[in-house]
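Please look over the sequence and the model before reading on.

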Amino acid sequence: MSASLRVLDDIDVSGKRVVVRADLNVPMRNGEVTDDMRVRHAAATLSELANKNAIVIVLSHFERPCGKVVPDYSLAPLRPALEKSLKRTVRFIETDWRNGTHQAEVTKAVPGDILLMENTRFHPGEEENDPGFSKTLADLGDIFVNDAFSVSHRAHASIEGIARLLPSFAGRGMEAELSALDRALGEPTRPVGAVVGGAKVSTKIPVLENLVTRVDELIIGGGMANTFLHAKGINIGRSLCEPDFKEMAERILNHAADHQCNIVLPRDVVVAKEFAPNACHSVVDVRAVPADSMILDIGPESVADVMEQFGDLKTLLWNGPVGAFETEPFGRGTFVLARCAARLTKAGRLVTVAGGGDTVAALSAAGVQDDFSYVSTAGGAFLEWLEGRGLPGVDALKMSHA
């Protein structure tokens, strides 16, 4: 991780007001949190700061109220989940951010208090990264801590704007995420490989273009592999494909060759005439896909090939499934490879870093989410990092001065 990024170990927070940007945009149903993973992730930093005698002021967005006060998008219902994770009292501060009523409540706080502020997106200046709203947020505290990597690809007031106005630091979650990502692509132990899957190559062109210059082995699966097979002149029947991106696929294949990156595509595949649970299916050579069938998973020979590749790697990055894993039985390739990577990780032979919504779901379905070295729950931020782009929230932290 960059030495220019300051962390909680670098600061004395006792008696200070510390504004923490968390990501509490969690699934809710009937006013209750249905998945508290992000709340639990935030709890580590918030507890540490409160235990160090700071006044902790928590910022987060929730849903898309588009700069208006929408009662259904209030953060108030999150308070019980936050209290449960923290095992301490949290005060919710109601405000629409325009009338300044929150200021008196913040002034009353004492060291050790944790205050949950209202949805930052209730103010139009949040998503506009408005300097005036950034100052309103900065006036809440003495120090800023960004613990929300998952939203740090957005140049918003509570993420980027405030970091330019206060001494700023990375929270424990942010620190762990950036450290893991650095191990995967920054300064990885080689050989390093990447599994990139998913439905469409069009959504991951910048990711692929960056990875072929950074990894030794690039394993392409899922629907996006079909476009590469099509570009190589292979008949893929009725499979999902993006013919308009044939030239782009060819360019990536040539780019990989120029950088000594070995691209691995399926040798055999699982095909079916219909995409439905437990559909009649068969395994065929990739060059023998029937015209009336579609590719829905990689075949056993391809799985064996990739498992052999895994055995030679020291570092593995994973983004996207290699088959239609949500539909039985087309998850076998993804699940077998995930369990293989998990075994190698537990044996100390492989550093594994995975991220992206579908990836997390696939690893969870395979029962190995907790066995990888690191699993990022970030979606857009993780993809932009894979593209090699700077993230405004992280860049602002690195530029902050005390």
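## Basis of the report

UniProt positions are given here in the numbering used for this structure, with shortened feature names, and such annotations may be inferred rather than shown by experiment. The model is predicted, so that local features need pLDDT of at least 70 and side-chain atom pairs count only at pLDDT 80 or more, while totals for chains, interfaces and linings use all residues. Residues are numbered from 1 along each chain as its sequence is written, and side-chain values use heavy atoms, with hydrogens and water left out.

According to an unreviewed UniProt entry, the annotation "binding site" covers Lys204, Glu326, Gly356, Gly357, Asp358 and Thr359. Gly357 belongs to helix α12 (residues 357-366), and Thr359 is also placed in helix α12; helices (H or I, at least four residues) and strands (E, at least two) are DSSP runs numbered from the N terminus.

Gly357 has a relative accessible area of 54% and is therefore exposed, whereas Thr359, at 2%, counts as buried; buried means under 20% relative accessible area, exposed over 50%, and partly exposed in between (1.4 Å probe, protein chains only). Beyond its neighbours within four places in sequence, Thr359 is in contact (heavy atoms within 4.5 Å) with Trp318, Asn319, Gly320 and Ala354. The side chain of Thr359 also reaches the backbone oxygen of Gly355 at 3.0 Å.

Leu24 counts as buried because its relative accessibility is 1%, while Asn25, with a relative accessible area of 21%, is partly exposed. Leaving out residues up to four places away in sequence, Leu24 touches several residues, including Arg38, His61 and Phe62, and Asn25 touches Arg38, Ser60, His61, Phe62 and Glu63.

## The sheet that contains β1

An open sheet of six strands has the order β5-β6-β4-β1-β7-β8, with parallel pairing; two strands pair if DSSP finds at least two bridges between them. Its edge strands, β5 (91-93) and β8 (168-170), each pair on one side only.

Strand β1 is joined to β4 (residues 55-59) by five bridges, and the two run parallel. Within this pairing, Val18 has Val56 of β4 as its bridge partner.

Terms used:
Polar contact = N/O pair within 3.5 Å; in protein donor to acceptor, adjacent residues only side chain to side chain.
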